[in-house]
Amino acid sequence: MKTKQRVCVNRFSEINPGGKVPVVKFDGKWVPDSDVITQILEKKYTKPSLVTPAEYALVGSKIFASFVTFLKSKNASDGSEQALMSELSALEKHLKVHGPYVSGEKISAVDLSLAPKLYHLDVALRHFKKWNVPRNLTHVKQYMKLLFSRESFAKTVAKKKYLIAAWAPKVNP
């Protein structure tokens, strides 16, 4: 590793020992949790509002954990794929009624939280399991396309090769 890269990695490890991303500095303090970052941003910048209505706050909240379990699974019959499909199907039903975003026409914090999680799901499962979100989940697929095409997402998204490299040790320990 080049010296400059090593210094950056060491500096990152100093400010964020857990290695979680994203990480943002607010008022002199590093915050490494996307949900907390979203809450802080909502308080600091109230326009436009990104508040998710309380009744929709948990939509999609189990998708990432289900994705990780399925990604790490070595047993095709352990139910992890079905658990992920159940979570994605629940999101599909919700978006069909309330979409295109979780709370309707306007993007909210829950969408901003789900976007990177769905991107990791899409990239990692495609690469490691040759698995894609099924075509019949049309609202989920359209939702992902909508989220991934946002300028703010496109400007901040990690390159696929870095996500694959980050997930590789977890998939093949």
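Guide: Here is a short tour of the aromatic rings. This is a predicted model, in which local features need pLDDT of at least 70 and side-chain atom pairs count only at pLDDT 80 or more, while totals for chains, interfaces and linings use all residues. Residues are numbered from 1 along each chain as its sequence is written, and side-chain values use heavy atoms, with hydrogens and water left out.

The structure holds seven aromatic pairs; rings of Phe, Tyr and Trp (its six-membered ring) pair if their centres lie within 6.5 Å, and planes under 30 degrees apart count as stacked, over 60 as edge-to-face and the rest as tilted. One of them joins F64 and W167: the ring centres are 6.2 Å apart and the planes stand at 55 degrees, so this pair is tilted. F64 belongs to helix α3 (residues 63–72) and W167 to helix α8 (residues 160–171), 103 residues apart. Helices here are DSSP runs (H or I, at least four residues), numbered from the N terminus. W167 is buried, with a relative accessible area of 8%, whereas F64 is partly exposed at 29%; buried means under 20% relative accessible area, exposed over 50% and partly exposed in between (1.4 Å probe, protein chains only).

Definitions and conventions. Helix = DSSP H or I, 4+ residues; strand = E, 2+ residues; numbered from the N terminus.
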